[in-house]
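Please have your viewer ready.

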Amino acid sequence: LRAKIEDMEADTAAHKADYANKFPDNAGAHNSIFRGKNLGSTPDYANITDGSFKDMYIGDYWTINGVNWRIAAFNYYRNTGDTNVSGNHVVIVPDTSLYSHVMNDTNTTEGGYTGSKMYTEGLEEAKTIINNAFPGHVVIFRRSLCNAVANGEASGGAWVDSTVDLMNEVMVYGSIINGHSTYGLHNIGAEKSQLPLFALNPQSINTRYNYWLRDIASASDFAFVFSTGVANRYGASTSVAVRPAFLIS
């Protein structure tokens, strides 16, 4: 009996080693697995900074101050930006709305996303909430965002410092749906692929509440995710949930 147990233990160890070789601790491997485990309330920043992301997978989350902060991607922004994003990082998206806010006081998209009231004022509360949850670990990086609209289409953009911002349609759905742009990058920027959280577990998109996206959809509308799961657009003066994305390291 003891010999059989020893054989089973040896076989198990061999399988574990084989599994470890197939799924190493790096961004590529960990981006491919949805797990959804509660990781407690304190991120293991050492295993983020070194790029191993050990015991972290897509869909895992930390519960801090009553919010589930969900892992959406590993190193999504690596080697992007007019100033290179070179460090290892985790993209986080909250499960729930942080609060609701308008994009603008009137139904206009003039000035693009960076000219909106949401961008200039409406994200300040989110930044406070997020920095309180992850003090000293929210990454400042360079992101290309829309700053002009012509004939109801995003017509200009610029690289800006970013910490907390709304997602775009590509990040959520994997494609442009309601966004309109004279040149694709003005709505999309460097975020040109779907976040693994939404690709591996599409129900993560559908929250049963409406939340804003940053894409220009017309002269009066921004894109948003409807509570029913439908990709939609709303007049900018409508108060809709804020569900932003940000990086920690």
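## About the model

This is a predicted model, in which local features need pLDDT of at least 70 and side-chain atom pairs count only at pLDDT 80 or more, while totals for chains, interfaces and linings use all residues. Residues are numbered from 1 along each chain as its sequence is written, and side-chain values use heavy atoms, with hydrogens and water left out.

## The cavity

Searching the whole structure turns up one cavity of 30 Å³ or more. A cavity here is a set of points on a 1 Å grid over the protein atoms alone where a 1.4 Å probe fits but cannot get out. The volume of the largest cavity is about 40 Å³, counted as the space filled by probe spheres set on the points.

Its lining (residues with an atom within 4 Å of a point) consists of Y113, S144, L145, C146, H186, N187, R214 and D215. Strand 5 (141–150) contributes the most, three residues; helix 7 (185–188) and strand 8 (211–216) each supply at least two. Helices (H or I, at least four residues) and strands (E, at least two) are DSSP runs, numbered from the N terminus.

## A158

A158 sits in strand 6 (residues 153–162). Because its relative accessibility is 29%, A158 counts as partly exposed, the class between buried (under 20%) and exposed (over 50%), using a 1.4 Å probe and protein chains only.

Beyond neighbours within four places in sequence, A158 is in contact (heavy atoms within 4.5 Å) with R143, S144, L145 and N147.

Definitions and conventions:
1 Å grid on protein atoms, 1.4 Å probe; cavity = no way out; pocket = protein on both sides within 12 Å on 5 of 7 lines; lining within 4 Å.
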